[in-house]
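This report describes the strands, helices and nonpolar cores of one protein model. The sequence and structure come before the description.

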Amino acid sequence: MTMNRRDFMKVSTAASGSLMLAVSLPGCSTIKTGFEKESGQWSPDVWLELTTNDEIFFTLARVEMGQGTYTGLTTLVAEELDVDPARIKVKFAPVAPEYRNPLYGLQATGGSTSVAISWKPLREAGASARQMLVMAAARVWKVDDAECSTQDGRVVHPNGIDSLRYGQLVELADKEIVRGDVALKPRSEWKYIGREGGKLDSEAKATGKAVYGIDVELPGMVYAVMTRCPRYGGKATGFNRSDVLAWPGVLDAFITERGVAVVADRYWRARKAQNALKVEWDFSEAIDLNNDQVFDSYREAANEDAGAQERSDGDFDDAVESASRVVEAEYEQPYLDHAAMEPMNATAWYRDGSMEVWASTQAPDLARIAAARHSSLSPGDVTVHTTFLGGGFGRRLTQDYVEEVAIVAYKIKKPVKLIWSREEDVRHGFWRPAMLHRMKASFRGNELTGWDHQIVGPQILDWYVRNAAPAQYPWAPKFLYGTLGRVGLMAEGIATPKDMSAIEGAIGYPYQVENVSVRHTHTDPGVPITWWRSVGYSHNGFAVETFMDELAHEAGQEPLQFRRKLLANEPRHRAVLDRAAERAGWGTPLGEGRARGISLFKSFGTYVAQVVEASIENGEIKVHKVTCSVDCGQVVNPRVVEDQISGGILFGLSAALFGEITFKNGEVQQSNFHDSRVLRMHQVPEVVVDIVDSDVEPTGVGEPGVPAVIPALGNALFALTGKRQRRLPLTAG
């Protein structure tokens, strides 16, 4: 008998007698509302289910990839329902229009939107259910419902002694109607929001009970691996099939759209047989470029096309004509990998004219389209079970891995799990796009009078629309999928949301400068791209805040005070900047060989300022401390906010110091963590997170820790060495 680490954890914890062994796959939740006599279950809305047995289920419409939605969104419902969040059992949502992210029209988790968009509707859901329970109890007692109260899952009689459990009231509550707007608890009565409660999924994750995509096991399951073309766009035309089939346990091997699939009864048998593959490739439509060619093509495009005007205040050309001096700089940022700890994987089972898919996906409705695309199935024939995600960072918004497993499952007609190796993850991913920034500023004396920012590179929607457009219209026949995508792109910014991935952050330039121009030159070298943690804010943050530091020095002014003067009308920007500076001891002496850098950036509605303290030791950059002040509005759980901001900082430092995917003749040169590095434990600095107390509606925290830390580190290195670095990753030399 073999036992993997997760099984060991389960058995070990069960042996202590304190935990259950049972692990079940996330099931589908009904979106049918009302009371069902047979099950004794009452669903006042699509998110909540209460039973006569006093069980409470919350359907989580967003996925949990470590960012804290499991805890944060459950807390919102629990607060208004007046029950301890730990009493609520969480289910992952099935694919249904009711669970779409209203900002995107898709069932997607991303953009640091989960708490912001759920803040009011989930609280209203909990409050409505609570009010209906109170009205039902009042009817039983023949008292005024306004005189009743609730306490941890019970409605309390006006006498303060008698009470009824929610479970006793669910059938009666189904008959009550809340008229008008439901009253939400005032902040003074909150028991759970704003408190540093524990994470509701911690125990399941610590004991191995949490089911990730890679944990899914089904009866009779087989395993698949895929050998993809080393250059994106290439096709397999032949391979030594008989040699591969001769390996023990191999069930089949065949060509697919992206490469050659090998299916075996064990994962490692599939891997061994894969090593014997000799594939003939057609490279006629494959990319064939080197890294330098990407930026050469960007410069050529920038020279030929000034770009679409995305923001225009005043007249920048006039500012230049009347300037006493003009400063210019160019910034380069490379392709970046996501490095999610759980490599891409998915499981699918085609039987009886339908398919079930288990996947750690950020977009279940796009996964459904991907699964149906290469079969006779319609999206309605596909059921997607969403699992926990071992990291997403935007990578799991693209569904190529789901499409691959669905193709194999449709042919094999057995439950099949497809797993990418780490090397495949690095070499065949969809990356954060490389971008070029041309910056130009005008001065009159030491006064900054003009700001011009030309952003050069692709936009992600071009790559994402393939499955996104059909997911919005799942009833559409497949022959229209291509048309839907083309129409979606043509109507971008008119009938469909504008793609902000290239310009976000840049158009929100907060400094009070009379003449501001921001332009985007759209050019795409054909390298596959997707969303990456903090998306466009990540590259625009580096360009904007590094250039601001350059301009401060050009004006002969201290960088903090230079920014403060230009933020007179931006109190929230200025407040976090001042707090971060104060807490970091900005301006106070440091040890020899150390320096500080500062930056400020608003992303996803959240204001972040950071001070990085760094040195160069033994020829390597060492980050000693990062101080971050963050204003994300009302905090639901301070612990989650601190964890997310800290995680974003470390993620950003990895990108600043090591992150780079490079190409040689169209092939990715990196392969694993030894040459595609992330920050290691001994390199993790002290991180101080300072959260601003606020009562405005909450904004996102999953990504805003990333954009400001990269320029803050670069600015610290300039203060240390006097050398300005305008290309990532940063170097010590």
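## Sheets, helices and cores

Seven strands make up an open sheet with mixed pairing, in the order S11-S12-S9-S19-S16-S17-S18. Its edge strands, each pairing on one side only, are S11 (250-255) and S18 (382-386). From one strand to the next the twist averages 20°. The model is a predicted one.

Met 355 has Val 382 of S18 as its bridge partner. Helix H10 (residues 364-372) packs on the sheet and touches S17 and S18, its direction making about 135° with that of S18. Another helix, H7 (residues 267-275), lies across S9 (222-228), S11, S12 (259-264) and S19 (416-419), and runs at about 30° to S9.

H10 also packs against a helix. Two packed helices are described by the angle between their axes and the distance between the axes. For H10 and helix H11 (residues 400-412), the axes come within 8 Å and cross at roughly 35°. The crossing of H10 with H11 is right-handed. On the H10 side the contact is made by Ala 367, Ala 370 and Ala 371, and on the H11 side by Val 402, Glu 403 and Ala 406. Of the residues in this contact, five are nonpolar, none is polar and one is charged.

A separate open sheet has three strands, in the order S6-S7-S8, with antiparallel pairing. Strands S6 (149-150) and S8 (163-165) are its edges, each pairing on one side only. S6 and strand S7 (residues 154-156) run antiparallel and are joined by two bridges; Thr 150 has Val 155 of S7 as its bridge partner. Helix H3 (residues 114-141) packs on this sheet, touching S6, S7 and S8, and its direction makes about 50° with that of S7. Helix H4 (residues 166-173) also lies across S6, S7 and S8, running at about 80° to S8.

| Helix | Strand for the angle | Angle |
|---|---|---|
| H3 (residues 114-141) | S7 | about 50° |
| H4 (residues 166-173) | S8 | about 80° |
| H7 (residues 267-275) | S9 | about 30° |
| H10 (residues 364-372) | S18 | about 135° |

How is strand S23 (residues 594-603) placed, and how many of its residues are buried? Eight of the ten residues of S23 are buried, so this strand is largely enclosed by the rest of the structure. S23 runs antiparallel to strand S24 (residues 606-617), and ten bridges join the two.

The largest nonpolar core has 114 residues, and Tyr 335, Leu 551 and Leu 713 have the most contacts inside it. Helix H15 (residues 535-554) gives the largest share of this core, nine residues. Apart from this core lies another, of 40 residues, including Tyr 70, Val 134, Ala 136 and Ile 193.

Which residues does Tyr 335 contact, leaving aside its neighbours within four places in sequence? Among them are Val 294, Tyr 298, Trp 431, Arg 432, Pro 433 and Ala 434. Further contacts of Tyr 335 include Pro 525, Val 527, Ile 529, Glu 660, Ile 661 and Phe 663.

Terms used: Residues are numbered from 1 along each chain as its sequence is written. This is a predicted model: local features need pLDDT of at least 70, side-chain atom pairs count only at pLDDT 80 or more; totals for chains, interfaces and linings use all residues. Side-chain values use heavy atoms; hydrogens and water are left out. Buried means under 20% relative accessible area, exposed over 50%, partly exposed in between (1.4 Å probe, protein chains only). Helices (H or I, at least four residues) and strands (E, at least two) are DSSP runs, numbered from the N terminus. Two strands pair if DSSP finds at least two bridges between them. A nonpolar core is a set of buried Ala, Val, Leu, Ile, Met, Phe, Trp, Tyr and Cys residues joined through side-chain atoms within 4.5 Å. Contact means heavy atoms within 4.5 Å. Axes are lines fitted to C-alpha atoms, for helices over the stretch in contact, and angles run from 0 to 180 degrees between N-to-C directions. A crossing is left-handed if the near helix is turned anticlockwise from the far one by less than a right angle, and right-handed if clockwise. Ala, Val, Leu, Ile, Met, Phe, Trp, Tyr, Cys and Pro count as nonpolar, Asp, Glu, Lys and Arg as charged, and the others, Gly among them, as polar.
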